[in-house]
Amino acid sequence: MTYRTVTTIVTDTTHCKGALEAAKAVANQHDAHLEVLCLGIDRSQQGFYYAGASAMVVQDNLAQTREDAMDLEAFARKALTAHALPWSSDALTAQMVALNGVVAHRTRFADLVVMPRPYGEGRGHDAEAIVEAALFDGNVPVLVMPDGAAFPQSVGNVVVAWNESPEALRAVRQAMPFLKQADTVSIAIIDPPQHGPERSDPGGALSQMLARHGVRAEVCVLAKTMPRISDVLNRHALDKDADMIVMGAYGHSRFRESILGGATRHMLEVAEVPIVLAH
């Protein structure tokens, strides 16, 4: 697998700027076409308007949303002017109720979607919804960029979060271009089950699969010495000076993760390096 189409979705000129730069870097490294979707979002709650005002308010909101999308496209085009490889930009609009469908339809043919961190100050529900729509409905891997982080010029060290789940294996397969590019890959296994199918050789089968793809991998079995698995994984990534973490996303339901929290959500909140997610 190679990345031939890299897509990013721009919804503002502040939080999305780092993801746009990262998407440019990934496209350059993999000789890929860069597609920038400039998405104006109508966040209004029309059910709260008084009777008779809906048509007028909807028209005004849609006009403002179209103007926002055009402003975002102008911003993107200015940032892409010096980009050497093929690129395209498109101004889109969507209401919150239709956001998932719009994102899924426009990302499903991409090889990789690059997005900013969906949680943090200044982020609305739409940031989380866009990442989840690409993962679940678009069925495409998502590279999430932390705030203030730059995508490395060359991916040297990668940590793979391995728990034998289908999500984790899918993430490995879809991140293969990055893994092949890396100098070293660390397969991180936290408290492997004593009676699991890989109890005698944790991570051995994955390491063998990666070796056949020319990926140099080492297995690191880690103890859960911190309350959250995501804390252990994040510390291991810092210890390894990792340029990237590859992990499966949302092993539990999205509802459970959003209400109770989970490894995916917490990693997206605290990670200091880019994360490749797949479901």
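Modeller: Ala, Val, Leu, Ile, Met, Phe, Trp, Tyr, Cys and Pro count as nonpolar, Asp, Glu, Lys and Arg as charged, and the others, including Gly, as polar. The model is predicted, so local features need pLDDT of at least 70 and side-chain atom pairs pLDDT 80 or more, while totals for chains, interfaces and linings use all residues. Numbering starts from 1 along each chain as its sequence is written, and side-chain values use heavy atoms, without hydrogens or water.

Colleague: How do the residues lining the second largest pocket divide by class?

Modeller: Six are nonpolar, four polar and five charged. A pocket is an open set of 1 Å grid points, over protein atoms alone, where a 1.4 Å probe fits, with protein on both sides within 12 Å along at least five of seven lines; lining residues have an atom within 4 Å of a point. Its 15 lining residues include Thr11, Asp12, Arg123, Asp126 and Ala127, which lie nearest the centre.

Colleague: Which element supplies the largest share of that lining?

Modeller: Helix α4, with three residues; β4 (112-116) and α4 (125-137) each give at least two. Helices (H or I, at least four residues) and strands (E, at least two) are DSSP runs numbered from the N terminus.

Colleague: What makes α8 oblique to α10?

Modeller: α8 (residues 229-239) and α10 (residues 263-270) pack at about 45 degrees, axes 9 Å apart. Under 35 degrees is roughly parallel, over 145 roughly antiparallel, 65 to 115 roughly perpendicular, and the rest oblique. Therefore α8 is oblique to α10. Contact (heavy atoms within 4.5 Å) involves Ser230, Asp231, Leu233 and Asn234 of α8 and Ala263, His266, Met267 and Val270 of α10.

Definitions and conventions. Axes are lines fitted to C-alpha atoms, for helices over the stretch in contact, and angles run from 0 to 180 degrees between N-to-C directions.
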